[in-house]
Amino acid sequence: MFSVHNLNKSFPTPQGKLEVLKDVNLEVFQGDFIAIIGESGSGKSTLLQILGTLDQADSGEILLDDIKIQNLHEKKLAKLRSQHIGFIYQSHHLIPELTALENIILPLLIQGKSKLYAQQQAETLLKQLGLFNRAQHTPAHLSGGEAQRVAVARAVITKPKLILADEPTGNLDETTASTVFSMMRDLCKSQNVAVIMVTHSQSFANACDKVYALKQHTLSEPPF
Ligand SMILES: Nc1ncnc2c1ncn2[C@@H]1O[C@H](COP(=O)(O)OP(=O)(O)O)[C@@H](O)[C@H]1O
Ligand SMILES: [Mg+2]
């Protein structure tokens, strides 16, 4: 469904070229829940940004259902992102002026779906995530875990093929992180969405279908 071949990425710096990713290969099937672990600065966020078409590799190929995404122009990329890719970050990135419900329905409204349809979808998700009584709260009135669950709902509401999650539980205490991780995994499994999640938690990584480590600029499979 999603495949990455021989991806390379470097950044220019005053000291010369900084090689970040070298010869990265990855195959993702529908509904896969994949963890990527690796030390700080190893290039995990850079890799997710490139996979999410928000940054460009120097070379290599990324295919989403046989579409070569590096060949698409920005307008087509933006459409592909909005339809097929969801993002979850370490901090929730919710819009502070909007309620939880309004934040969740926004991606559907941007796609041109009706408000009624969007609200129905959001209410179903809010129930699944145990947040129904938080629908009218703004982010400032949500706990960290609740806000992250709202961010999960916002990422899945468009029924994307792929969700890219960059340390989605990194700001949460251990118990809350477990709740958010379990809900995210169950929801993505039930919707058959593939997920690539960067995490520093060995126990969450172990609970995923596959684990890769970003080491020496490339993705390696266990044993690490
Ligand atoms: N835009 C950029 N320009 C220059 N260097 C960058 C840029 N983005 C990231 N880097 C560098 O690339 C390396 C990998 O960063 P990053 O992908 O954020 O790592 P991780 O998410 O694994 O902590 C780091 O050394 C970082 O300083
Ligand atoms: Mg990072």
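Figure 1. The view takes in strand β7 (residues 162-166), which pairs with β8 in the parallel sense over five bridges. Strands are said to pair if DSSP finds at least two bridges between them. To get from β7 to β8, the chain passes through helix α6 (residues 174-191), and this β-α-β crossover is right-handed. Right-handed is meant as follows: with the strands pointing away from the viewer, the path from the first strand over the helix to the second runs clockwise.

A word on conventions before moving on: residues are numbered from 1 along each chain as its sequence is written, while chains are lettered from A and ligands numbered from 1 in the order in which they are written. As the model is predicted, local features need pLDDT of at least 70 and side-chain atom pairs count only at pLDDT 80 or more, whereas totals for chains, interfaces and linings use all residues.

**Figure 2. Strand β8 and its covered faces.** Strand β8 (residues 194-198) is mostly covered, with five of its five residues buried. Buried residues have 20 or more other C-beta atoms within 10 Å of their own, exposed ones 12 or fewer, and partly exposed ones fall in between, with C-beta atoms placed from the backbone. In a regular strand the side chains alternate between the two faces of the sheet. Here, Ala194, Ile196 and Val198 point one way from β8, Val195 and Met197 point the other way, and all are buried. Look also for strand β3 (residues 33-37), which runs parallel to β8 and is joined to it by four bridges. In that pair, Ile36 faces Val198 of β8.

**Figure 3. The shell around ligand 1.** Follow the residues around ligand 1: Phe11, Thr13, Leu18, Val20, Gly38, Ser40, Gly41, Ser42, Gly43, Lys44, Ser45 and Thr46. A residue is taken as near the ligand if its C-beta atom, placed from the backbone, lies within 6 Å of it. Two or more shell residues come from each of β1 (2-13), β2 (16-28) and α1 (44-51). The largest share, three residues, belongs to α1. By type, the shell has three nonpolar residues, eight polar and one charged. In this sorting, Ala, Val, Leu, Ile, Met, Phe, Trp, Tyr, Cys and Pro are nonpolar, Asp, Glu, Lys and Arg are charged, and the others, Gly among them, are polar.

**Figure 4. A closer look at Thr46.** Thr46 lies in helix α1 and is one of the residues that surround ligand 1. With 18 C-beta neighbours inside 10 Å, Thr46 is partly exposed. Setting aside neighbours within four places in sequence, Thr46 is in contact with Lys9, Val20, Leu21 and Asp55. Contact means that the C-beta atoms of two residues, placed from the backbone, lie within 7 Å.

**Figure 5. The open four-stranded sheet.** Four strands make up an open sheet in the order β2-β1-β4-β5, with antiparallel pairing. Strands β2 and β5 (67-68) stand at the edges with a single partner strand each, so one side of each has no neighbour in the sheet. Strand β4 (residues 59-64) and β5 run antiparallel and are joined by two bridges. Within this pair, Leu64 has Ile67 of β5 as its bridge partner.

Figure 6. Most residues other than glycine have a negative phi, and most peptide bonds are trans. His93, in the loop between β6 (85-88) and α3 (100-110), has a positive phi of about 55° although it is not a glycine. His93 is partly exposed, with 13 C-beta neighbours inside 10 Å. Glu167, also not a glycine, has a positive phi of about 50° and belongs to the loop between β7 and α6. Its 18 C-beta neighbours inside 10 Å make Glu167 partly exposed. Finally, the peptide bond joining Pro222 and Pro223 is cis, with omega about 0°, and Pro223 lies in the segment after β10 (218-220).
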